[in-house]
Every structure is written in C-alpha cells, then in structure tokens.
Amino acid sequence: MAALSAWFWNERFWLPHNVTWADLADPAPGVEYPKARHLLSVLPLAVGIFAVRILFERFIASPCAFLLHIHAASVHWRATPNTVLEKVFTSITKCPDSRHLDGLSKQLDWDVRKVQRWFRHRRNQDKPSILTKFCESMWRLIFYLFMFTYGICFLWQCPWMWDTHHCWYNYPYQVLTPGLYHYYVTELGFYWSLMFSQFTDIKRKDFPIMFIHHLATVSLISFSYANNMLRVGSLVMCVHDASDFLLEAAKLANYAKYQRLCDFLFVLFAVVFFITRLVIYPLWILNTTLFESWEIIGPYPSWWLFNSLLLVLQVLHVIWSYLIAGIAYKALVRGKVPFGKLQAAVVHFTEEWLPSGHSTGLVSKDDRSDVESSSEEEVDTNGTNDRGVKRAFSPKVENGTNDHAVTTITWPQQIRSSSSW
C-alpha cells in the first residue's frame, strides 16, 4: 500500500521541477498550504448539503410552488397490469420500435396502437410532476446564485482576478486563505451531493453521461486543489457559475407559465453562456493556464494533464453552444415556431443535455411529459395521427397540473439524435 501511495503521489508528476512535498509540509507559522487530506472534510459537507436540499425543497420550494398554483399532477392514465409488457419495459426497452410492436401485438393478440398506448401510459407513470421539477430547479437556482455571488465578492478583492499572472507567482508556495478554502470546498461538496442525489433526482435519458460529467467535475476540482492550482481554479468555477443560475431561473419561469419572462431569461442565459464559455474562458482562463504559466513556472506532467482537461472542457463548451445556437436558429430564423413557443422547447432542451445538472436532448413525441401525450390523439410510429396527417408540433394540452399547459415541439431526427458529448 505504501508503494502504491508513493507511486500515486510522485513528486515528479504533481510538482514543478526542484519542488518536493517536504518543501510544502512545514510552512511558516500562520501559513497553510492546500493538502489532499483537507478533501476528506468534503464528504460530510456533501451529506449536509444534500440534507439542506431536502429541507429546502419541502419547506421553502414546495410552498412557493403552491403560491404559483403548481401542484403535483396525478397520472390519469395508468397502464393495465401486463406481465409480458412489463418485462419488456423493465428489461429490454421503454420505447419499442416497430419490430417489437409487431411481435408483441401478435403475442398478445392486441392492436399495435393498443400496445403503443400501453407503453406510453407506463412511461408516464414514472415521469416526475411539474412540482418535482420546480423544487429541484429552485434549489439549484438558489445554490448557483449564492455561489456566484460569493465567488464574485471574494475574487473582487483578489489580485489574480485583475491580473492572472498572480495565479502563478510564487507557485506552488501560495497561501491557502479561509475564503478560498470555503469557496473551493463548498463547490466540491455541492458536486459530491449531486453524485448522491442523481440516484433520487428526476431520471433523465443521459443519466450515465451526467454521472460521468459530475465525476469528472469532482476529479478536476480535487486535482486542482491537491496541486495548489486554486487561484486559477476559482476563476474557472466563477466563469461557469455565471450562467447556471439563469438557466434554472428560466426553467422556473417555464414551470410557472410566465412565458415572456422565460423567453427573456433564456435569451439572457444564452448570451451569458456564449460570452463566458466562448470568449472569457478561452481568452482569459486558457490563456493564463497555457501561456502565462508556461512563462512563469514552465510545464511539468500534472500541468499537461490539467490543461488537457481544461481543453476538453472547452470542446464541450463549443458543442453545447452549437446545440443551443442550432435550436434558436431553426426555431427563429427559419420561422418554424413563433418566438413565444421557443421557451418550451429550449427548456426541455436544457433539462435534457446541458451540464450543471442539465443536459440538452430534444424530444420526440413519446419522450414528452406525463399525461400530455396520453391526452392527445394516438400517433403511430410514422408520426401520423388517426387521419393520416403528419404532425410536427403538438398543441398545448392540459397536463393535469392545476390547469397548466405544456407546449412541446418535435424536432428533426438529426437533432433529436445529437449527443451532448
């Protein structure tokens, strides 16, 4: 075990040339450097954050939802118990294709349309209510807004906010201040709490991808803490927090059916996202990690790894920005839907595939919210209704949530099949 630990914490990988762990082990009185063992305190903090979230959603978010007339929806169409179809649903597929539908139709002596209806009703039973989504988004909004506000207030007083060369001066002998420690540990604790809560949160199609995303985020924050890259790490976190709370605010407005507010917030989110991820991040963050650090401390193994991870993050920013821009372009420039209807598609888009707990997937008809598709005419696998008319968009229909309606849009297949990665 000692040999494995020595291999993992090899000084030649983690530290610049001519620096050893012993140099950092005994700082001057009143001086503290980041140490890997500090990260052990993050796990109980993550549990505490998770507990606070449960209390917040129950005693603050839920009453707010009720004030906005958002209540838990009841599923009016439940699937008839059927052992054969339940086995297919749980172990094979929740959205059978035409081949499966034909086979099940013959096996059960049911009409294909009846089999389709059963699977739609069964999926609806597992989908969360608008109330659940509202509470989850409100918690994320409050936390992201708090962390962004704290980050700005803290970094405003730090020299590396205004001159990024200070991220590397005297590295790695940079003092760990209480403010920087609390900022880092709280962010890390939150992402650990997301790792826990993802198993109880709204289940989305990209669950494995988002689990890997959260794991990568935890690893990157922990890695930068262990080798004392906290200064530049704090800038990275602040840049990413800048747009996350706007996305959650747009989702809340959508759930509460404040359409114009949702449109405005999404446009604001998109603008901030593009500026922070495609302008500030590469020109400010990557510039200092790649070029200024090279001039001041020079490259070493963990430096290469750290910058590689940051470059991968930039690739993801480009992909996500492309998807967001593609939605806006197809919906607005080509005039496929009115601007007012953009919010519903975009909010679902951001719920399914964007990062911050959010991802960007586009919905096909059978992926829409509860009751919504069940209350419409049956649509076959070719996208036609009972009169043989192709349908591109679904109308507003009641979703059983206190007379709230949901607008959803079916997008072209080439977009629906896009992956966030």
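Before you click anything: "buried" here means under 20% relative accessible area, "exposed" means over 50%, and "partly exposed" is in between, with a 1.4 Å probe and protein chains only. Helices (H or I, at least four residues) and strands (E, at least two) are DSSP runs, numbered from the N terminus.

This is a predicted model, where local features need pLDDT of at least 70, side-chain atom pairs count only at pLDDT 80 or more, and totals for chains, interfaces and linings use all residues. Residues are numbered from 1 along each chain as its sequence is written, and side-chain values use heavy atoms, leaving out hydrogens and water.

**The whole chain.** Show everything: you'll find 16 helices and 2 strands. Of the 421 residues, 52% are buried.

**Helix H5.** Select residues 83–91, then pick out Leu85, Val88 and Phe89, which are buried. They span an arc of only 100° around the axis (taken from the directions from the helix axis to the C-beta atoms), so they sit on the same side of H5.

**His317.** Next stop is helix H14, residues 301–333, where His317 is found. Is His317 buried or exposed? It is buried, with a relative accessible area of 0%. Leaving aside neighbours within four places in sequence, His317 is in contact (heavy atoms within 4.5 Å) with His240, Phe273, Arg277, Leu278 and Tyr281.
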